[in-house]
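I opened this one to see how the chains are put together and where they touch. Notes follow in the order I looked things up.

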Amino acid sequence: MPISLSDTLHNKTGTWRTFRPIHKNKLPPCNKKCPTGENIQKYIYLLLNKKYEEAYREIKKDNPIPSITGRVCPHPCESKCNRGEFDEPIAIHHIERFLGDYGLELKDNWEIEEKKEKIAIIGSGPAGLACAYHLRKKGYKIKIFEAENEIGGMLRIGIPDYRLPKDILDKEIKKLQEMGIEIETGVRINHPLDLAGNYDAIFVGTGAHISRKMGIPGEELDGVISGLEFLKKLNLGEKVKIGKKVAVIGGGNTAIDAARCALRLGAEVKILYRRSRNEMPAIESEVEEAEKEGIKIEFLTTPVKIIGKNQKVSTLECIRMELGEPDESGRRRPIPIKGSEFTLDFDTVILAIGEKVDLKLFENIETTSWGVKTDQYTRTTHEKVFAGGDCVTGPSTVVEALGAGKRASIAIDCFLKGEPLPVIKDKKPVTIENINLDYFERKKRKEPEKIEFNRRVNSFDEIWLRFDEKDLLEEAERCFSCGVCNRCDNCWVFCPDLSIIRNEEYSVNYDYCKGCGICARECPRYVITMEEER
Amino acid sequence: MKIFNLPEKENMRPGHLACQGCGAALAMRYTLKALGEKTIVTIPACCWSVIDGPFPYSSLKVPLFHCAFETAAASAAGIRAGLDIKGLEDINVLAWAGDGGTFDIGIQALSGAAERNENIIYVCYDNEAYMNTGIQRSSATPYGAWTTTTPVKHYKNRPKKDIVAIMAAHRIPYVATASVGYPDDLIRKVEKAKNIKGTKFIHIYAPCPTGWKCKPDDTIKISRLAVETAVFPLYEIENGYKYILNIKPEVKKPVTEYLKMQGRFRHLTEKEIEMIQKEVDFQWKRLLEKCNQN
Amino acid sequence: MKKVITGNHAVSYGALLSRVEVIAAYPITPQTQVVELLSEFCAEGKLKAKFVKVESEHSAMATCIGASAAGARAFTATSAQGLALMHELLHWAAGGRLPIVLANINRAMAPGWSIWTDQNDSLSQRDTGWMQIYCESNQEVLDSVIQGYKIAEQVYIPLMLVLDAFVLSHTSEIVDIPSQEQVDRYLPPFKPKYKLDVNDPHAFGGLLGPDHYMEIRYLLQKDMERAMEITKKADIEFKEIFGRSYGVIEAYKCEDAEIIMVTSGTVTSTARTVIDKLRERDKRVGLLKIRMFRPFPSKDIKNVLLKAKKVLVVDRNISYGLGGIFFEEIKSVLYYEDKHIPIFGFITGLGGRDVTPNILEEMIEYVETHDKPEEPILWKGVKL
């Protein structure tokens, strides 16, 4: 009887192959979209495995203040989340906050190899803090100079408590100080090069703090206040007097924040914005929240004159607008409609039409019409001076500033070591077409709870509660993990040739893989690519 | 983040001779995972009589007896009897046959074994034609399909034999359909069969890229579509009467999605596809009725 | 213990005493009594065997094959159409080297339907690789089942014992049924070298390429050759325990015979009486009974026949287009001998027609009066 005496392992069926599968992680769109380059997919993966601390440390690699971005970031990551095209994007923002808060309770045990070089950072806002953090990790000695008496820049003066409680900010700052970052407050630096003698490099992250004027009659009246001024006083605990009927002019984040703060102070608030909802630069969800809280928005409306009574604001004369051709910002330009003037009665007017950068700081350094001129690595025209954040871009987001600070840290490190700068590659992220949707069921996005409505509009208490852990995990489970292996095992499960090797990472046993391609096809997340055999 | 939870242990090795993307190879892999190493397999003429590997090699880690084409069930019954008389009742006996060896040439022995309620697991891995001999039609070939003996001008013009109903009519304790596209369901069924005494018949849908004229990486996708279109529903029948539907698609997909992936259906006109759709709908309705009557 | 039993029951007793472990059988006249009695043995618990009541002879052999591969002693019985249906699996059993024992009741092949004896069913299976033993009496039938396992399990080749329909199968004779203790002494339990064993897994009968096939078949032939000596040894051992033996052939009154008649099956018994009668008339005639057909006892046959002047072969079978099958085999055995012996091939008794002493006597008369046969086939009893 012919009986088998050995197995088929001698038969290397890999020779049949014309295409070979390769496990190669790709770039998820969320990671790509995050200005500070958070590895979002990875920390969600760690979270799902209940490795909360590791997940926190993963964010912390790119983001020095996750509990803050977890609260205030407009989360561009979510806007590109492939899941958004399937049902709803992953609540990355809330996940980040959960992990950030989790991290606040942990001690960061840094093992820093000290370098001798000293770096000065001007401004303790998000850009400065990020630059300081990343450079400190590399061992540089850091000193931050802050003009105000308190640390945090726009984080402290620009963001209301209901979005970012001060104790959270303080805790994050404390963590940074524990790394050995020195911060001196109440010191105004007149020019970055003033520090050039004592420091090897200087990073400028001074922000955009000059409120724009409207240039209409009545701006000097009592009861007219700039949005940033209003927020700053409020945030620093100073007394602010406002009336019962408040108009907020503008459509950006400052306008929305100011309006919602005024509401919380007991006023009836109306926002006047000269374009339509589509053009509003403010974070969309913030606008929606404001409206829910009872703030009315008059679109396509702008004041032409502030009328006072006894030097006090009493009435706004407004005009209706229509949208014309797009302007240089890409948004459609508002054009006044002749004869559409009308009046509205207010006792307080908050002007929040934008902030400018104080360019006096940058004498002898090249600037643009809105800020300091830098390249994508944050290098200014002076080799020792680097800049990032709002002072370069004009008013923007915290996360953009964090990204700039991080890029600056790389540029400064290279500069000090005399090394060439890394090439920034524009990698194509994974798209929804790459995802094998057969493996996903439509499922509603989970979010944490908010505090009760009445409490919300009558106090500065933080609106969002922390994610319930069960909901958090359910939400994390919705993540496609676009382009990144999360050990779903599918390649192994469906391999007819038992040719998937599962070690720390998955790989293919090319001795036997016949190249059928099932693994690539059935990978839910486009990790495996089929490449032609040469 | 596992989607399917398969037993870890492999009772099969690579180096086997299955074509790229072979559904039958996967079917064996899953089945042996479920049955474990205390299993003896008998295989009649079919793709697997080649896949396992030429003398003196074998890709299986369990004993394998190659038997004559029409004898899978009878051979299994013999092995069972031989083991039982030696007191080895805990060893699984698996008859592993293709659709030709089951629907056609082997149906007599299968019917005999089922009627006697032999304590065996009979798996028909169905690739819907005589693939090993070069894609000739079998009574498992679906209506409309091209094969080398049903050329496009005279495609198969009779429906696939309802082997599951035939087996259920024997009133054996367990009959089930399964698919390589649903490995966890497949494994659950084989494990269930393992723990039932008597004849267990599992009909496994196993795409053949070579014979179906599809891409080798389509195997799993097509398997899923077969279930989602109700061309090959997944269900169980206990004791010949109790029907259990395992997967009910939320929205039944149109058969054309299934057909268009396979070259063997390429010649079909819209009208013919419509006919196939009607038949699938009708059979699906009947199945639902059977499942609900309990 | 002596008992008057039919040939069929002798088969059943043979299986019982051989302690067969798996029986798979399908009823066919004239074999039915074999399986009926075995069913009773199993039902009563006399025989601890699994009796698989299959739906066809094809499955019967397939089941025996499976059982044997799993290491069990397997048995079946059939006849004519049933044996023909098994044909494919006879190859499988032999190629698989599975020592199954099969009792075939010689019955003529249809159409038209016949249930009566001739040898075409078993001889059609000549080249399947099975050993074949043709029995003359019910005692020999019983003994041959037991000997069958003894031989088969030593050479891993299946064995078919053959008995004539009705003449043996349904005819009662006195049979000495040995004790179980005696049989156990003679026939040890079946312990194959290889079997389907989860602790030592192998694939049996996988794809055999041109590089290996011939060697596997060569080894089968070599074992067939070995089987001849093993059979003789088994027969001697049998005699030691049971006091009976049969040989692979039996030469009856051949020492000085000028004419030797060659027979198989129950014709032999009739021939014996004819030889005795002719001897009384001082005719120098002898009888050669061929018991073992495969492997063919060429040497033994030669040794007997070379002493004769003429040989006549009685065939209850025919290979259409040539002639009697035993006749042809015997001719080829003598081909290389210097001594040329005229051989007369008679065909008679097909489909159960009686082979009477007169017919056999007439054959001898023909041989006495002819130097050589007038026709390649000498038909005896055709009424056309």
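Predicted model: local features only at pLDDT ≥ 70, side-chain atom pairs only at ≥ 80, totals over all residues.

**Domains of chain A**

Next I looked at helix packing. Two packed helices are described by the angle between their axes and the distance between the axes.

I took helix H7 (residues 126–137) and helix H14 (residues 398–417) of chain A, whose axes come within 7 Å and cross at roughly 40°. That makes H7(A) and H14(A) oblique to each other, and their crossing is right-handed. From H7(A) I listed A:Pro126, A:Ala127, A:Gly128, A:Leu129, A:Ala130, A:Cys131, A:His134 and A:Leu135 as contact residues. H14(A) answers with residues including A:Val398, A:Ala401, A:Leu402, A:Gly405, A:Ser409 and A:Ile412. By class, the contact of H7(A) with H14(A) has 12 nonpolar, 4 polar and 2 charged residues.

Then came helix H11 (residues 253–264) and helix H12 (residues 284–292) of chain A. Their axes come within 10 Å and cross at roughly 25°. Are H11(A) and H12(A) roughly parallel to each other or roughly antiparallel? They are roughly parallel, because the angle falls under 35 degrees. The crossing of H11(A) and H12(A) is left-handed. I noted A:Asn253, A:Ile256, A:Ala259 and A:Arg260 on H11(A), with A:Glu286, A:Val287 and A:Ala290 on H12(A). The contact of H11(A) with H12(A) comes out as 4 nonpolar, 1 polar and 2 charged residues.

**Chain A against chain B**

I moved on to the interfaces. Here 35 residues of chain A are in contact with 31 residues of chain B. On the chain A side, strand S1 (6–7), helix H17 (490–493) and helix H18 (518–522) each give two or more residues. Which element gives the largest share of the side of chain A that touches chain B? It is H18(A), with 4 residues. I sorted the side of chain A that touches chain B into 15 nonpolar, 12 polar and 8 charged residues.

There is strand pairing between these chains as well: S1(A) and strand S2 (residues 57–58) of chain B run in the parallel sense over 2 bridges. I found B:Ser58 in S2(B) as the bridge partner of A:Asp7.

**Chain B against chain C**

This contact takes 40 residues from chain B and 38 residues from chain C. Chain B brings strand S1 (39–43), helix H2 (47–51), strand S3 (64–66), helix H3 (72–85) and helix H5 (107–115), each with two or more residues. H3(B) gives the most to the side of chain B that touches chain C, with 11 residues. That side of chain B divides into 20 nonpolar, 12 polar and 8 charged residues.

I checked for strand pairing again. S3(B) and strand S9 (residues 203–204) of chain C pair in the parallel sense over 2 bridges, and B:Phe65 stands opposite C:Phe204 in S9(C).

**Inside chain C**

The assignment gives chain C domain 1 (2–242) and domain 2 (249–379), with C-alpha centres 27 Å apart. Their contact takes 25 residues from domain 1 of chain C and 21 residues from domain 2 of chain C. On the domain 1 side, helix H5 (120–123), strand S6 (131–134) and helix H8 (213–242) of chain C each supply at least two residues. H8(C) has the largest share of that side, 5 residues. I counted the domain 1 side as 13 nonpolar, 7 polar and 5 charged residues.

Last, I traced a sheet in chain C. It is open, with 6 strands in the order S10-S12-S11-S14-S15-S16 and mixed pairing. Which strands are at the edges? They are strand S10 (249–252) and strand S16 (378–379) of chain C, each pairing on one side only. Strand S11 (residues 259–263) and strand S14 (residues 310–315) of chain C pair in the parallel sense over 4 bridges, with C:Met261 opposite C:Leu312 in S14(C). Helix H10 (residues 298–305) of chain C lies across S10, S11, strand S12 (285–290) and S14 of chain C, and runs at about 10° to S10(C).

Definitions and conventions:
Residues numbered from 1 in each chain as written. Chains lettered and ligands numbered in written order. Contact = placed C-beta atoms within 7 Å. Nonpolar A, V, L, I, M, F, W, Y, C, P; charged D, E, K, R; others polar. Pairing = 2+ DSSP bridges. Axes fitted to C-alpha atoms, helices over the stretch in contact; angles between N-to-C directions. Parallel < 35°, antiparallel > 145°, perpendicular 65-115°, else oblique. Left-handed = near helix turned anticlockwise from the far one by under 90°. Domains from an automatic or database assignment.
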